[in-house]
Amino acid sequence: MMDSPGDSEEEEDEEDEVDYERKKFNDAASYKMLADSVERFGKVYEKMEKSKKDQMKELEKMRADFQKDLELQKKQIVDRAQSEIARLRE
């Protein structure tokens, strides 16, 4: 028994509708996955930037401490040199 042309078109329409719904679902899932990926990337990037900022603060603190120690040593050397010069003049 052969299907009439009307039945065949109706089945194709139903298949097209199912395909469209499946594609629509797949597109939505793809967009959701993309959005989740972008959000995770943003969080990782934010953590990296915070870590970089913290490291820069620590490095600046270390530089300031080093500069302070260097100035202190310079002052001690100058004081010793002046004392030595004064001692030699006597």
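This is a predicted model: local features need pLDDT of at least 70, side-chain atom pairs count only at pLDDT 80 or more; totals for chains, interfaces and linings use all residues.
Reader: What percentage of the residues is buried?
Author: Of the 90 residues in the chain, 0% are buried. A residue counts as buried when its relative accessible area is under 20%.

Reader: How many helices and strands does the chain contain?
Author: The chain has 1 helix and 0 strands. The helix is H1, which covers residues 5-89 and includes Met48.

Reader: Which residues does UniProt list as a coiled-coil region?
Author: An unreviewed UniProt entry gives residues 45-76 under the name "coiled-coil region". In the model, that stretch is 100% helix and 0% strand.

Reader: Where do Asp54 and Lys50 lie?
Author: Both residues belong to helix H1, 4 residues apart, which corresponds to about one turn of the helix. The side chains of Asp54 and Lys50 meet in a salt bridge with an N to O distance of 3.1 Å.

Reader: Are Asp54 and Lys50 buried or exposed?
Author: Asp54 is partly exposed, at a relative accessible area of 38%. Lys50 has a relative accessible area of 52% and is therefore classed as exposed, the cut-off for that class being over 50%.

Reader: Which residue forms a salt bridge with Arg63?
Author: The partner of Arg63 is Glu60, and their closest N and O atoms are 2.8 Å apart. Arg63 and Glu60 are separated by about one helical turn because they stand 3 residues apart in helix H1. Arg63 is partly exposed at 45% relative accessibility, and Glu60 is partly exposed at 42%.

Reader: What is the distance between the closest N and O atoms of Lys75 and Asp79?
Author: That distance is 3.8 Å, and the two residues form a salt bridge. Lys75 and Asp79 are 4 residues apart in helix H1, about one turn of the helix. Lys75 is exposed, with a relative accessible area of 53%, whereas Asp79 is partly exposed at 35%.

Reader: How does one describe an aromatic pair, and how many are counted here?
Author: A pair of aromatic rings is described by the distance of the centres and the angle of the planes. The count comes to 1 aromatic pair. Phe41 and Tyr45 form a stacked pair, with 6.2 Å centre to centre and 25° between the planes. The label "stacked" applies because planes under 30 degrees apart are classed that way.

Reader: Where do Phe41 and Tyr45 lie, and how accessible are Phe41 and Tyr45?
Author: Phe41 and Tyr45 both lie in helix H1, 4 residues apart, about one turn of the helix. Phe41 is exposed, with a relative accessible area of 57%. Tyr45 is partly exposed, with a relative accessible area of 43%.

Reader: Which residues form the nonpolar patch on the surface?
Author: The patch consists of Phe41, Val44, Tyr45 and Met48, which together have about 440 Å² of accessible area. The stacked rings of Phe41 and Tyr45 thus return here as members of a nonpolar surface patch.

Technical notes
Residues are numbered from 1 along each chain as its sequence is written. Side-chain values use heavy atoms; hydrogens and water are left out. Patches are made of residues with over 30% relative accessible area and no salt bridge: like charges are joined within 9 Å, nonpolar side chains (Val, Leu, Ile, Met, Phe, Trp, Tyr) within 5 Å. Accessible areas come from the Shrake-Rupley method with a 1.4 Å probe; for residues, only the protein chains shown count as cover. A salt bridge is a side-chain nitrogen of Lys or Arg within 4 Å of a carboxyl oxygen of Asp or Glu. Helices (H or I, at least four residues) and strands (E, at least two) are DSSP runs, numbered from the N terminus. UniProt positions are given in the numbering used here, feature names are shortened, and annotations may be inferred rather than shown by experiment. Buried means under 20% relative accessible area, exposed over 50%, partly exposed in between (1.4 Å probe, protein chains only). Rings of Phe, Tyr and Trp (its six-membered ring) pair if their centres lie within 6.5 Å; planes under 30 degrees apart count as stacked, over 60 as edge-to-face and the rest as tilted.
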